[in-house]
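Open the model in your viewer and keep the selection tool at hand. The tour goes from ring pairs to charges over rings, then to the backbone.

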Amino acid sequence: MTADAIPTDFRVLGSLEVIRDGATVPLGGPRRRAVLGYLLLHCGQAVPTSRLIAALWGDHPPPSARKGLQNAVWHLRAALSQGRTRGRGPELVTCAPGYLLRADAGDVDLLRFQELTDQGRASFAEGSVRAASGLWHRALALWRGRALADLAEAGFSWPELRALEESRLDVLEDFFDAELRLGHHDTVLAELQEAVRAEPRRERLLEQLMTALYRGGRQAEALAVYRRAESSLAENLGLEPGRALQELESAILAHAPELSQPAHEPTAVTLTDGPHSSQAPHLRPKAAPESVRRDRRTFPADVRTQATVLMLRATSGEGRHEEDGSDGPLAEVDRVALEEAARFGGNVVARLGATWLVLFADPRPHDQNHARRAVSAALAVRYRFAHTRWAAPSLGVRAVVATGDVVTRHSSVPATPLAVTGAVVDTCHGLLPRVPEHTVYVTEATRRCTRSAIVHRPAVPEGCWEAVGTRDARPDGHSAPLIGRDDELASLMHLLSEPAGEAGPRVVTVIGEGGLGKSRLLDEFAARAARLPGPGAPLVLRAPATLVDGSTLTVLAQGLRRCCGIEDGDSPQTAREKLYEAVRRAAPQDEERTLIRLHPLIGGDRLLEPPMVPHEVLFAWWKFMAGTAMHRRLVVVVDELDFADDAVLDLVESLAVVPAPGRRGALLVVAGARPALLERRPHWESVRQSRTMSLKHLGAAAVRRYLTTVLDAPDAESDGQGPRHPRLPSANEHFAGALAAVVPGNPRVVAAYIRDLLDPATAERPGAGEAALPGEVRRFTAARLDALPEPLRRVACDVAVLGEAAWSTAVAEAGGRRHEEVTGPLEELVDHGVLVDRDTDPPPTAPVGHRYGFRHETDRQVARSRVPSDERACVHRAAVGWLATVADGHPQVATHLRMEALHLAAATSRPVPDLLECSLRKLDASPQAFADLDRTGVHYLILAETPATRLVELERVAEFCRRHRPVRFGGAGK
């Protein structure tokens with residue numbers, strides 16, 4: 001970059017960033033960022049227009065794709081042109097057959113990475129191992145995460161990104177190889193272990209890890225790495241390790257002398273910290289594996305978030321810890337606590353003696369189940385220590401799980417542990433001494449979050465609950481109808497009409513957010529599939545996504561007994577013989593290990609007391625079913641697959657293959673999962689012989705049909721002879737229409753409203769001037785908002801406070817931002833389905849910009865209620881000032897606010913002055929605080945602080961229904 005141009009830095013190796021003169025350049029929404037990102041991947045090359053359109057819209061672009069691309073390029077040119085002076089600097093030009101981005105190689109981190117990589121390989125070829133290591137270290141330090149991580153999260157998946165990741169891994173392996181040659185096996189051992197966890201099938205990494213362990217005097221661990229790799233390759237791919245890995249194992253067993261010393265002896269060298277040092281210090285490369293980067297993103301510095309804390313304590317049978325100061329059996333507790341915490345996505349942040357503190361947050365936007373994961377981990381640890389495992393007195397474990405707000409903090413000092421503070425930590429510490437041994441207590445907040453998956457019972461002290469075990473999420477029957485999912489059900493049933501062994505999908509995943517009806521759809525499919533007649537009908541089995549304790553083993557036991565033909569009246573000897581015969585046919589290569597793990601499942605009442613690890617049993621069960629499917633047709637239905645371990649996901653993914661010709665059977669796995677699965681496994685949808693089915697919100701018509709069906713269903717007290725509410729059919733229709741207009745088409749949300757309608761005793765009454773929202777709806781909506789990135793969440797809250805005045809320029813004014821700083825987040829919120837653009841086609845130069853609003857009024861109500869009154873008052877004052885500057889020149893602004901205020905006054909049957917007084921009370925503001933309001937300002941304030949007209953109308957209809965038919969809620973929410 002010359003001195004005539006403003007320094008501009010393009011960053012691709014991580015989230016896309018453009019830094020000019022030390023400040024971030026606003027790029028706009030995902031589409032514009034994708035155009036720039038794709039051009040940067042081909043910097044200096046002309047990219048055809050057709051390739052850009054395919055990269056943005058795939059194989060089926062809309063008719064307006066070319067125009068949309070041109071619009072994005074126009075905005076990017078405007079953003080980049082500010083970095084050009086005297087004809088120098090980055091430039092985006094039209095160049096047949098498309099577009100070309102010109103930038104200096106030193107200004108693009110990708111080009112710098114490639115240059116350093118090539119220099120390192122040249123040095124290595126010349127025998128300069130130390131220089132090569134330093135160059136590769138500098139190249140890896142440029143990486144801040146996955147290449148174009150923000151675009152990948154937005155759904156853009158390009159072959160160039162995978163190729164770039166492969167290039168990073170190649171350089172990482174080169175760096176490790178150089179470090180081992182220099183004798184730095186102790187320095188890189190931790191990084192090698194993390195890299196192997198992230199990429200367990202890269203044999204070069206496995207060789208390097210085994211070498212580092214052997215040179216560190218850990219021969220047994222080096223051989224264990226080989227055994228795990230050998231077992232994984234055999235079980236998942238039917239392959240053996242490569243020749244190089246086999247030869248390394250033989251060399252370790254033979255204590256080959258060449259393994260003891262590096263191939264290149266290092267020489268003494270003094271490392272300096274100066275910026276011009278010729279040798280870079282050998283620090284941990286920044287190109288950490290993806291699993292490490294995900295953990296770091298989970299707990300950024302000084303962040304307040306909702307999370308769940310698990311506090312676990314181990315004691316001896318007499319209630320004493322080890323008195324001689326040694327860990328003794330506590331070392332085993334430590335190992336199990338770490339293992340189960342990792343399996344359920346937790347982070348052990350502290351250990352003090354025999355007490356462990358584990359934090360569970362939501363590392364991915366759609367996770368939102370930290371409470372359930374924490375309770376599951378506690379139950380799993382308790383289960384594994386429920387019996388004597390050592391000659392010493394048995395250990396007892398007790399645990400407390402609490403959900404609430406915590407503050408997490410990472411220190412800038414390397415290797416400093418995560419700090420966690422908050423009332424929930426104090427709650428756990430205070431309750432833990434009162435918990436009996438082998439018991440898990442949860443707080444009320446945790447119970448509310450986990451009651452659909454965990455069985456609880458009241459405990460002492462009052463307000464605490466004991467977590468007894470996991471709940472079978474599949475009820476025996478559904479009184480709520482399956483509405484709006486006919487096409488999806490027909491598609492699933494069609495799969496069973498294909499002959500076994502045909503090249504159809506073997507794994508079908510139904511994806512949807514919580515409450516959309518995935519479980520209901522899977523239950524209906526399983527019931528219909530089980531009723532299919534004929535000799536070719538499949539055997540339909542259920543399987544849990546993960547095993548927590550003995551209570552979840554029952555489901556596996558039922559499926560295993562059915563598959564082996566074991567009857568209830570069979571003697572133990574007959575049951576064992578049937579199991580042995582079935583295992584011999586299904587798993588002849590691994591017969592002994594499969595029998596050991598599956599035999600306890602046919603143990604009757606002893607099922608809950610096996611000295612085994614539950615997830616190992618689940619893994620063996622899946623392997624057995626895969627082998628059985630070679631001989632008979634099986635359908636395995638599993639819900640909540642996003643909750644499964646990585647090992648189970650790997651196995652299910654490997655099942656998506658076509659049976660070889662001549663096999664009579666076939667295995668079809670039909671699974672339900674939240675979007676978190678696709679965030680954990682971005683390639684899941686592209687796996688061969690698999691299919692993904694996405695559930696959308698029900699439309700307004702389907703919501704009405706769902707409501708009227710439930711409300712007009714037969715009343716249980718009338719023996720099913722008459723409708724639940726025969727006197728008010730028109731009220732049913734009015735309520736259905738009003739509710740469909742304001743809530744998302746999520747059956748769980750709709751069911752929560754029905755519960756409040758049909759059971760007034762449980763309905764949560766709103767505060768003065770607030771809309772009635774069921775508590776479950778508030779929690780559901782709050783979780784969706786919390787899943788947004790922090791910058792988007794702040795903009796969404798500003799839109800919620802502004803209400804009907806959320807023009808883009810007003811949003812910028814409310815947040816103290818420039819207009820161009822909010823246009824991108826607003827577009828992203830529209831893409832996320834949170835907001836909608838109320839102006840379909842305004843003039844592009846309109847000073848007030850587009851007007852935005854929430855797609856669902858319930859979302860806006862919850863988002864607004866989470867902003868403190870003093871902060872809302874500040875936003876209102878900024879908005880009133882903005883209105884004073886634009887209202888005169890843009891009469892449509894004042895007209896819109898006046899008409900909406902009149903509609904609101906009519907809906908509430910209250911005059912405007914009364915609404916204004918109520919609004920000021922909610923803000924804790926005196927009339928003098930807004931004494932200078934003109935008529936437009938008054939209209940704005942009452943619209944901002946009063947629930948929307950549709951919510952008011954919904955509450956009036958619901959209240960009418962409550963007064964005239966107080967009927968106890970039946971099955972609408974099941």
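Helices and strands here are DSSP runs, numbered from the N terminus; a helix is H or I over at least four residues, a strand is E over at least two. By that numbering, E640 sits in the loop between β17 (633-638) and α23 (646-654). Keep in mind that this is a predicted model.

**Stop 1: E640.** Stay on this residue and check the backbone. Its phi is near 60°, positive although E640 is a residue other than glycine. Most residues other than glycine have a negative phi, and most peptide bonds are trans. Is E640 buried, exposed or partly exposed? With a relative accessible area of 26%, E640 is partly exposed.

**Stop 2: H438.** Select the loop between α15 (423-431) and β12 (439-443); H438 is there. This residue is not a glycine, yet its phi is positive, about 55°. H438 has a relative accessible area of 30%, so it is partly exposed.

**Stop 3: V460 and P461.** Move to the loop between β13 (454-458) and β14 (464-470), where P461 lies. Show the peptide bond from V460 to P461: it is cis, with omega near 10°.

**Stop 4: aromatic pairs.** How many aromatic pairs does the structure hold? There are eight. Begin with Y38 and W158. Their ring centres are 5.0 Å apart and their planes stand at 80°, so this pair is edge-to-face. The cut-off for that label is over 60 degrees. The two residues are 120 apart in the chain: Y38 is in helix α1 (residues 30-41), W158 in the loop between α6 (149-153) and α7 (159-181). Both Y38 and W158 are buried.

Next, select F124 and W136. Here the ring centres are 5.7 Å apart with planes at 40°, so the pair is tilted. F124 belongs to helix α4 (residues 109-125) and W136 to helix α5 (residues 129-140), so the pair ties together parts twelve residues apart in sequence. F124 counts as partly exposed, at 26% relative accessibility, whereas W136 counts as buried, at 2%.

Ring pairs link Y38, F156 and W158 into a cluster.

**Stop 5: charges over rings.** Select R168 and W143. R168 lies over the face of W143, 5.9 Å from the ring centre. Finish with R372 and F643. R372 lies over the face of F643, at 4.1 Å from the ring centre.

How values were computed. Residues are numbered from 1 along each chain as its sequence is written. This is a predicted model: local features need pLDDT of at least 70, side-chain atom pairs count only at pLDDT 80 or more; totals for chains, interfaces and linings use all residues. Side-chain values use heavy atoms; hydrogens and water are left out. Buried means under 20% relative accessible area, exposed over 50%, partly exposed in between (1.4 Å probe, protein chains only). Rings of Phe, Tyr and Trp (its six-membered ring) pair if their centres lie within 6.5 Å; planes under 30 degrees apart count as stacked, over 60 as edge-to-face and the rest as tilted. A charge sits over a ring if NZ of Lys or CZ of Arg is within 6 Å of the ring centre and within 35 degrees of the ring normal.
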